[in-house]
Amino acid sequence: MGRLRVFFERIKELFEQSRANREFEDELEQHLQLLTDRFVSQGMPRREAVSAARRQFGNAALLQQRHREARTFLFFSSIWRDVCFGARMLRKHRGSTAAVVVALALGIGMNACIFTFVNALLLRPLAGIRAPGEMREVWEHSRTANGIHSFMPLTYPDYVFFRDHARSFSGLLGYDGDPEGIIWNRGGHGEVIHGQLVSGNAFSVAGVGVTIGRSFTPADDQPDNPQPLVILRNNFWKQSLGSDPHILGKSMMLNGTNYTIIGVAQPGFTGFEVAMAPDFWTTLSMEEKLIHDPGRLTSRNSNWLLTEGRLAPGQNTKSAQAEISLLAREIELAHPDTNKDMDDVLYSSAPVPGPFRGYVTAFTGMLMVVFALVLVIACANAASLLMVKATGRAREMAVRSALGAGRGRLIRQMTVESLLLALIAGCAAVLLSFWTSHLLLNLIPTSLPISIELPLDWRVLVFTFLVALITGIVFGVTPALRGTRVDPVGVIKSETHSGGYRKSRLRNAIMIGEIAVCALLLFSATLCVRSLFNAGSIDPGFDTENIAIATLDAGSLGYNDAKIETFYRELDRHIRALPGVISSSYVNHLPLDASREQTSVIDESLIASLPHGIPVDVFRVEPGYFKTMGISVVAGRDFLQSELDHKSNVIVVNTAMAARLWPGQNPIGKLVKVGSSAKERSEVVGVVKTGNYRSLGEDPIPALFRMEMPSLRVLVVHTSRDPGSLLDAVQRQVQVVDPNMAATQVQTIGSFMSLPMFAARTTGLLLGASGILALVLTWIGLFGVISFAVSERTREIGVRMALGAGRGDVMKLIMRQGLLITSIGLVIGMGAALASARLLSALLYGIRPDDPATVVIVSAGMAAIAVLACYIPARRAVRVNPVIALRYE
Amino acid sequence: MGDKKSDVLQGTLDLMVLKTLHAMGPLHGFGIARRIEQLSEDVLQLNEGTVYTSLLRLQQQGWISSSWGTSENNRKARYYSITRQGKKQLEVETENWERFAGVVGRVLSQEGQG
């Protein structure tokens with residue numbers, strides 16, 4: 001009741017403020033007047049009476065202020081005044097404001113940038129899908145395998161079983177996880193676009209609508225009656241077909257089959273998975289026609305369907321998982337040969353597929369930690385700068401305190417200033433993160449058909465400003481507490497400030513922490529950058545410079561074997577005729593690519609010790625491959641054209657395989673069975689140097705090379721010129737040989753190599769950036785602290801010099817302070833760095849996480865930087881003129 | 001700033017102001033200050049300004065009201081007087097205070113043991 005009344009009184013008074021203020025002023029004035037009169041009448045001289053009255057009355061200004069505050073909601077308007085005053089102070093101290101804002105903006109901005117990726121990959125639901133929270137991914141999981149390899153997409157029969165039996169889902173959709181490059185025969189010319197196979201219910205389960213036409217129905221997707229129908233992506237329809245409103249019912253020739261366009265998807269819908277934006281969708285039943293890989297719809301071994309379902313009303317992950325596990329058990333019992341030890345697990349739906357999220361989280365989490373450390377440095381910098389400023393403002397604080405401002409009031413003022421700084425930095429950080437995150441996107445290899453959207457949505461903004469807010473409090477609170485602990489009398493009287501020693505001790509502590517964190521970051525950064533150089537110099541076992549490559553699939557147009565062979569022979573002839581081309585050949589997939597073929601090799605003479613043979617990686621090549629790729633043949637010879645023509649059973653092995661099967665013997669002429677069910681034996685005709693096949697820097701993997709090419713091939717061209725200049729010519733020659741064909745992923749071997757190097761490059765670049773950032777910030781911080789220490793000690797230095805200290809002594813004095821701080825910080829930082837560097841070891845190539853050279857480089861580098869940061873202020877100290885310094889007081 | 005001391009003082013000052021208005025009838029701020037000074041026999045050192053803070057508080061609670069009148073030196077002055085609600089509150093507060101003072105008195109009058 002009472003409070004409510006006060007509240008209404010205040011509202012009333014809000015409207016009568018100025019009158020009330022004036023009246024109150026009058027009232028106080030009157031009171032003072034009466035008091036003075038009284039003292040006068042008691043015989044006091046008038047002037048004394050006035051001040052006696054004031055003394056007795058107390059602080060009238062403060063009273064008026066309190067009065068106003070009590071009467072109204074002045075708390076808010078006084079905060080606003082603080083903001084205005086703070087803004088004025090920041091404008092006045094432009095230099096330090098800029099330094100703090102830049103440091104913080106860099107720190108916050110890099111965090112926001114990483115978060116933008118986290119948001120895009122892990123948090124943001126896919127655009128266009130209705131109620132994404134209800135969607136769950138289904139993954140097949142092997143109980144006997146570990147890590148990422150234990151998770152697989154579903155086979156078609158398993159998908160159908162779940163789709164038809166799982167009651168906890170209102171619908172289960174499936175799609176081919178790799179949108180395929182498809183040749184679109186556009187008026188006689190082949191053009192590569194991307195298509196994706198989806199289940200007939202995909203659009204309806206996901207709740208994705210169409211702009212025009214209709215979406216698929218389960219009836220369109222019957223394996224025994226495949227319908228050649230496509231739905232186009234909205235942007236593809238706009239950009240490639242000019243938003244043709246009469247497109248429905250028209251047909252498109254895709255990989256040699258005519259498809260009827262039945263719809264255009266709603267705008268904004270880019271696909272069922274992150275980063276992959278197919279140009280069109282067709283149904284799973286068209287699998288054989290579209291990608292010419294027969295048997296996928298019946299195979300229980302081919303795991304290719306990414307599956308997602310919408311939970312039925314009233315169901316949750318737990319109940320759905322229980323049902324799915326039960327169904328998986330049923331499949332396992334019915335098909336023990338393929339599904340033994342196979343379970344299926346659910347993941348909530350997010351842009352990055354479930355099993356990979358842990359890795360993406362770990363990777364981005366590590367980067368977040370790194371840039372959080374950079375932010376800590378920036379905070380420490382800001383704090384020490386503000387403390388320096390606070391010391392300079394001791395007089396201002398003393399005056400305000402003497403005028404009646406309580407400590408809480410002063411702290412509020414300082415905090416408002418810090419938050420203002422943080423807010424400005426936050427705004428700058430948003431811009432910075434927008435810019436850097438798009439810059440980072442360029443690191444993604446062009447060979448990946450990936451387009452990640454990095455929206456600046458509310459999550460990113462909330463994150464950024466939350467970080468800014470926390471930052472503002474963290475760096476603002478210490479200077480605020482320290483700066484406001486003033487003794488007004490002492491400060492105003494002597495114009496020196498109290499507590500200087502304690503303050504400088506705190507500043508030194510902050511600086512030590514800053515140097516330690518910087519050493520830690522710089523160490524990790526140096527490791528990663530050195531590892532990056534190492535990775536660049538790893539020999540993958542083939543030429544990584546003078547080769548152009550292109551992927552071709554003559555089979556995609558439905559040609560028979562003879563026609564396929566003719567095409568490749570003809571193309572080979574044309575390519576060799578190009579200027580600058582030294583040689584060319586084909587391989588089914590390049591080493592270090594995502595594809596892999598494995599088999600087991602059995603030498604029957606070794607059947608006792610190796611009854612199942614040894615597992616080897618298989619590459620299918622044509623004669624001339626080794627020469628073209630720069631792979632050296634160490635024994636025997638390359639394949640012969642005659643062997644290709646006669647389909648001879650000959651293989652070439654690598655040294656790792658030779659060493660494994662026949663240590664110390666001559667492998668040439670050995671006979672082995674390739675594959676456990678092989679009837680005939682193949683003869684080893686050559687041995688080549690072992691390269692890297694799966695990842696850079698791997699342990700040697702046994703591999704063999706054979707002929708018998710599939711229709712999908714990679715053309716490799718060795719050229720004496722820049723391979724980049726050859727790419728257009730290669731694509732042209734493909735169309736010259738067959739206008740309906742088109743090559744995909746026409747690129748130089750260098751850009752192909754950016755994929756295996758991706759993780760190392762990104763980490764190296766980001767950590768390198770963090771290290772440099774940390775170093776610059778720390779340098780500025782150290783420089784600032786030492787400079788300030790010098791200016792604070794000017795008088796002391798003057799006294800010392802007056803008493804006979806030489807320049808060298810003063811120099812030593814100043815340098816000692818800085819170098820002591822640096823060495824303590826370095827020791828702590830290096831300790832922490834060595835302890836934590838093991839976390840990085842998975843990302844390092846050819847360098848130990850405790851590499852002593854790096855320890856030395858970083859320590860020496862930081863020491864040098866510290867010497868430089870201390871030297872400049874120290875030189876200024878040396879130039880102090882004792883007379884002036886002493887007279888200054 | 002010794003906030004705690006003035007908190008105790010505030011509570012008691014409000015009570016003293018309320019009682020003074022109850023006993024003396026309408027008064028302006030100066031008058032209240034003089035009356036308290038007189039009664040306290042210079043034991044209580046008071047910043048007279050705080051009387052106004054107290055007056056504002058009491059007014060906002062509705063326990064006193066103010067009106068304009070003319071002061072001794074013939075100037076317009078604001079006169080404060082206790083309201084009916086204020087009288088009721090005064091009774092409650094006086095009772096509270098006496099009880100409190102009684103307790104404190106009893107506690108302080110205990111005999112020491114040695």
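Chain A and chain B touch: 21 residues of chain A are in contact with 18 residues of chain B. Contact means that two C-beta atoms, placed from the backbone, lie within 7 Å. On chain B's side, helix 2 (29–40), helix 3 (49–61) and strand 2 (76–82) each supply at least two residues. Helix 3 of chain B gives the largest share, seven residues. Helices here are DSSP runs of H or I with at least four residues, strands are E runs with at least two, and both are numbered from the N terminus.

Two notes on the model. It is predicted; local features need pLDDT of at least 70, side-chain atom pairs count only at pLDDT 80 or more, and totals for chains, interfaces and linings use all residues. Residues are numbered from 1 along each chain as its sequence is written, with chains lettered from A and ligands numbered from 1 in the order in which they are written.

Next, a sheet in chain A. Four strands form an open sheet, order 14-22-13-23, with antiparallel pairing. Strands pair if DSSP finds at least two bridges between them. Strand 14 (581–587) and strand 23 (744–748) of chain A are at the edges with a single partner strand each, so one side of each has no neighbour in the sheet. Six bridges join strand 14 to strand 22 (residues 712–719) of chain A. Val587(A) stands opposite Val714(A) in strand 22 of chain A.

Last, one residue. Leu696(A) sits in the loop between strand 20 (682–688) and strand 21 (703–706) of chain A. Its contacts beyond four places in sequence include Ala535(A) and Tyr845(A). Pro756(A) is 60 residues from Leu696(A) in sequence, yet 7.0 Å away, C-alpha to C-alpha.
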